[in-house]
Amino acid sequence: MQHSTAPHELALSKGIWVKLICGASNEDLPSISDLCAVYAVAGVHCVDVAADMAVVNAARQGLKWAESQIGVRPWLMVSISDGKDIHFRKAAFDPQLCPEECSRPCQKICPAEAITNTGGIIADKCYGCGRCLPICPLGLIKEKENHLKIEQFAEFLVEAKPDAVEIHTAPGRSREFEASVKAIVESNIPLKRIAVSCGLEGFSINPNELAQELWKRHECLCRYQQKPIWQLDGRPMSGDIGKGTAKSSISLWKSLRAIAPPGPLQLAGGTNATTIDHIDTKIGLAGIAFGGKARTLIQPYLNEAQEQKKKLINCSDGWNKALKEAKELINPWLIEDF
Ligand code: SF4
Ligand code: SF4
């Protein structure tokens, strides 16, 4: 197993770790490259992307550019799942079936601007948040699973060579989790960490039972000599909805911090700029991951750049504004305990 030194490991140990989640199903390549560049320069320690070579290449492009500017590069993490998981899906509908008079509520609710004025869903832009699924009055929008199969893990990892992998798991899936870890380890790609993403939403278990599940994952990772990050997924893919979503992962952390297995505990799912206001100490907390909120903050600048047929890194005004927004979101987390 390869061990890393500062600043990434140091950030985990000091509670100042910040990760950008590009989205386990987000394949919007131009945006991913620029998002990675902006947040890398702003100071994140890791970017987490879909397990797809085109996405990995786009992310690497942004990270390489950032490294040329600031001399350091965040870890590249890829997300996989050990079973069905809402992070790994796409929405789809046939636009031919839509009545002309429909006011297109699906389009209005989509945070990724993935639904076009007259057509259907741009699959690359859809990251599976699910908000459009119940809103169609005709029930036209369906979800489709979109995840790498376990037998594809090793080949993908050999090509992608990420620094870290995240496994989305769920209660009752310890056997599937172990099979995923085994496939990852058999790829012989040295990983600095395996993040384990899990939460309570959608499951009728309590925090004690979730902790027991995490202990099983811990025991498995120890057997395969892998180091974890425990990603506490409060309210998945909701950080851009409103301030209230921030409380979910904090309450999960508070109920798990005394009973979770060893390893860094990191917030995710519903995190936004107000998350920091709900905690009075970072003791026992390794850091945070920002997903939807981080992306929607930068979206207007990405749109402007794309309208000019440029990359955001080549639009000085837009770049400076985007970087300011990114720094405002993550800077409070780069301060050691308060
Ligand atoms: S609302 Fe969410 S699930 Fe629906 S198209 Fe947009 S990103 Fe995809
Ligand atoms: S809400 Fe339904 S009917 Fe209306 S545009 Fe969207 S998918 Fe079509």
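Reader: Quick one to start: is Lys161 buried, exposed or partly exposed, and why?
Author: Lys161 is partly exposed, because 14 other C-beta atoms lie within 10 Å. The cut-offs: buried means 20 or more other C-beta atoms within 10 Å of a residue's own, exposed means 12 or fewer, and partly exposed is in between, with C-beta atoms placed from the backbone.

Reader: And what am I looking at here, before I go on?
Author: This is a predicted model, where local features need pLDDT of at least 70 and side-chain atom pairs count only at pLDDT 80 or more, while totals for chains, interfaces and linings use all residues. Residues are numbered from 1 along each chain as its sequence is written, and chains are lettered from A and ligands numbered from 1 in the order in which they are written.

Reader: Ok. Where does Lys161 lie?
Author: In the loop between helix 5 and strand 6 (164-168). Helices (H or I, at least four residues) and strands (E, at least two) are DSSP runs, numbered from the N terminus.

Reader: Switching to the core. How many residues are in the largest nonpolar core?
Author: There are 86, and Val38, Tyr39, Val47 and Ala59 touch the most other members. Helix 2 (residues 29-42) gives the most to this core, nine residues. A second, separate core has 13 residues, including Phe93 and Cys132. A nonpolar core is a set of buried Ala, Val, Leu, Ile, Met, Phe, Trp, Tyr and Cys residues joined through C-beta atoms within 7 Å.

Reader: What does Tyr39 touch?
Author: Not counting residues up to four places away in sequence, Tyr39 touches Leu20, Val44, Val47, Ala294 and Ala326.

Reader: Now the ligands. How many residues surround ligand 1?
Author: 14 of them, the closest being Ala91, Cys110, Cys126, Cys129 and Cys132. A residue is near a molecule if its C-beta atom, placed from the backbone, lies within 6 Å of it. By class, the shell around ligand 1 has 11 nonpolar, two polar and one charged residues. Nonpolar covers Ala, Val, Leu, Ile, Met, Phe, Trp, Tyr, Cys and Pro, charged covers Asp, Glu, Lys and Arg, and the others, Gly among them, are polar.

Reader: Which residues are around ligand 2?
Author: Among them are Phe93, Cys98, Cys102, Cys106, Cys136 and Leu140. The shell around ligand 2 has nine nonpolar, no polar and one charged residues.

Reader: Tell me about Leu140. What does it touch?
Author: Phe93, Asp94, Leu97 and Cys98, not counting residues up to four places away in sequence. Leu140 sits in the loop between helix 4 and strand 5, and Leu140 is partly exposed, with 16 other C-beta atoms within 10 Å.

Reader: Last topic: how do strand 4 and strand 5 pair?
Author: In the antiparallel sense, over four bridges; pairing requires that DSSP finds at least two bridges between the strands. Strand 4 (residues 89-92) has Arg89 and Ala91 on its covered face and Lys90 and Ala92 on the uncovered one.

Reader: And strand 1 with strand 10, in what sense do they pair?
Author: Parallel, over four bridges, and Trp17 has Gly287 as its bridge partner in strand 10. Strand 9 (residues 265-268) also pairs with strand 10 in the parallel sense, over two bridges. From strand 10, Gly287 and Ala289 point one way and Ile288 and Phe290 the other way, and all are buried.

Technical notes. Contact = placed C-beta atoms within 7 Å.
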